[in-house]
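I went place by place and jotted things down as I found them.

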Amino acid sequence: MSILSSSAQAVQVISRQHSTIGPTSTTATCTAFTKLPLEVIAPLLLYVELRDILNIRQTCKHLFAQTKNHKAWIRIAKSLIKDKGVVWPSWAFPLTAIPASTIEDLVVRTTRLSSLMNTHDWEIEERKSFEAVIQRPWDSPIWLDLVRGRWLLLQSVEFTVELWDLDAAEYYQPIATYVGLKGVINGAVHVEGTNGLEITLSTTPFAVYKFAPDLPYRSEVRAVEPTLTLFNSFQGYSSVKARRGQLLAFAESGGDRLRACIMDETTRSNVELSFGSEVMKWQAVLVTPQADLRDPTQRGYKIDNVSALGFGIEPIYGIRTGENGYRSAMLCYGRLSLHYGRPWEVPDNGEHYVAEAMEQDIDTSHTLVSWEIPDFEVDLPRPGCVAIDEAVGICIAAMGSGRIWIADAVPRVKPKRVDVAPLPNKTALPDPRWPELPPSYYWDNFYSGPQPLSKSDPIIDEIAPGWSTAVDHYWPWRNNPKAYGGILWFVENVMGLPGPATSLLFSTNALFESKRDILGLHEYVDIGGKIFWVLTNDDLVEVRSTIDGTTIDDVIAIKQKRQSRAITVEEELISDYMPIHQHLTWYSLFTHSRET
């Protein structure tokens, strides 16, 4: 009998605090079986259910100790990893370095999650409550990450980094903090080495920080609390992506957000990589077959692409894939969900599955568990603030209210008490990295001057019929570098390009037309010296680049009919539609609610 067939009841029992489980009788009579050495008992444990291990554990002190033995759980874990292919975290290797209590916890969780996946009948398990919540100040969370399935790294709007222990009984304050960071964290890499855990963080001002905290594993108890002590930092690199040995991969370097490189930490030399902006048109979570295509129940489907690519049924605020690529967490308006890479149907020509799925508009992943976020009508998620440990089954999401929701796909028998204070009657910032909110947007009220305009009024700086360069007069917030929804926000978040950015020329039709008649605002924008054409309305965005070397004077000459050559490129340039959907959701919920 395999331990994979253990019942839900057994899993629930074993997931309690292991230190509370002990033999029911301290005077139990030893039998011949209980006198067997570990070398004999440990192999037998591979063929019994988890509940049977617990039953054996309750009989006497000898068997209690034997079923807690490190070598016994190493044997069980090796069997699961090799024979059952469970998703095992990289931080839990080598097994000889992991405490027995942690291995036992992971055995329970990985087998339970595998069982849920393999028996999933396609219906979403919807939950109304979370495992726990951490309450932080209003508008404060801007970044988070999960380490070893237990430790939460959280950055606040003051750039302070906090370390929280999710194994703690209560969440009153962080275990440790670090206040020396500059800028918003935009990349994190955790590496388990011979000297322990090393965490590398990168920030937007091209700075890198390295920590080596001595963090206990899940279910492990130590007398000394960990600290966040910086042991190294350097400048010139940002958006750290990966590490192999002494090599670190960055998506940005040398002050250039489009200059990717691989850096050698020993010599500080680097090799520059070349890539361009990515063109995307769909929104989906795609999976790629990794194993036998004829058996869709196998765990052989990796999540291949988790970018929100446009036109989703609801706004997505963040997607995070597990390190092995088999599960992902998705933070949407109103819910947090755990997904896994299992296709709806595997066609005969499986190697073309992803392409066919996109053509047929098939949802190519499955939602295993979904948690409804309380007060989602007024409390919006923080963009990008989502984390997952796919092996443990824990997902985390941060909200504008400061609530940090902790979801567990393998919940405790007795969940932590979740007490949340009522939300105050105020609006959270949609994204604290862009703290200034315009009073209105052009599709609602483009020109907010003291007097309404009529078509007989003269247009300031009109260079040609229907075109003006007076962006700052009619649309004063558009070029504000801190404005949520401004042109720099649009360029960096939607187009995926670095600034600076300035709107130089716009179509004047929106100055006079009513909201329902506006067909869209046309702009010409300078992004780092290159001119782009942008079309925006309340449900559509389109961007095209101009031919290299085109200047704003060339554009004006065409509008004045002094030139007639084509200057725009046909290929559309949109990197990510998620911020557009997030912006429209915030606009709909809060702008109109204030007006009413």
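Before anything else, a term: I call a residue buried when its relative accessible area is under 20%, exposed when it is over 50%, and partly exposed in between, using a 1.4 Å probe and protein chains only. This is a predicted model, so local features need pLDDT of at least 70 and side-chain atom pairs count only at pLDDT 80 or more, while totals for chains, interfaces and linings use all residues. Residues are numbered from 1 along each chain as its sequence is written, and side-chain values use heavy atoms, with hydrogens and water left out.

**Entry: T200.** I looked up T200 and found the residue in strand β8 (residues 196-203); helices (H or I, at least four residues) and strands (E, at least two) are DSSP runs, numbered from the N terminus. With a relative accessible area of 1%, T200 is buried. Which residues does T200 contact, leaving aside neighbours within four places in sequence? Taking contact as heavy atoms within 4.5 Å, I listed G187, A188, V189, V208, Y209, K210, V240 and L248. I also checked R243, 43 residues away along the chain: its C-alpha is 9.1 Å from that of T200.

**Entry: helix α5.** The 15 residues of α5 (residues 70-84) reach 20 Å from first C-alpha to last, close to the 21 Å expected at 1.5 Å a residue. That expected span is 1.5 Å times one less than the number of residues. I noted A72, W73, I74, I76, A77 and L80 as buried in α5. Just after the helix, G85 takes a positive phi of about 65°.

**Entry: aromatic pairs.** I paired rings of Phe, Tyr and Trp (its six-membered ring) if their centres lie within 6.5 Å, with planes under 30 degrees apart counted as stacked, over 60 as edge-to-face and the rest as tilted. My count by this rule is twelve aromatic pairs. One of them, Y237 with F250, is tilted, at 5.0 Å centre to centre and 35° between the planes. Y237 sits in strand β11 (residues 237-244) and F250 in strand β12 (residues 247-253), 13 residues apart. Y237 counts as buried at 9% relative accessibility, and F250 does so at 2%.

Next I looked at Y474 and F506, an edge-to-face pair with 6.1 Å between centres and 65° between planes. Y474 lies in helix α9 (residues 471-474) and F506 in strand β26 (residues 501-507), so the pair ties together parts 32 residues apart in sequence. Both Y474 and F506 are buried. Last, I noted that ring pairs link F130, W371 and W405 into a cluster.
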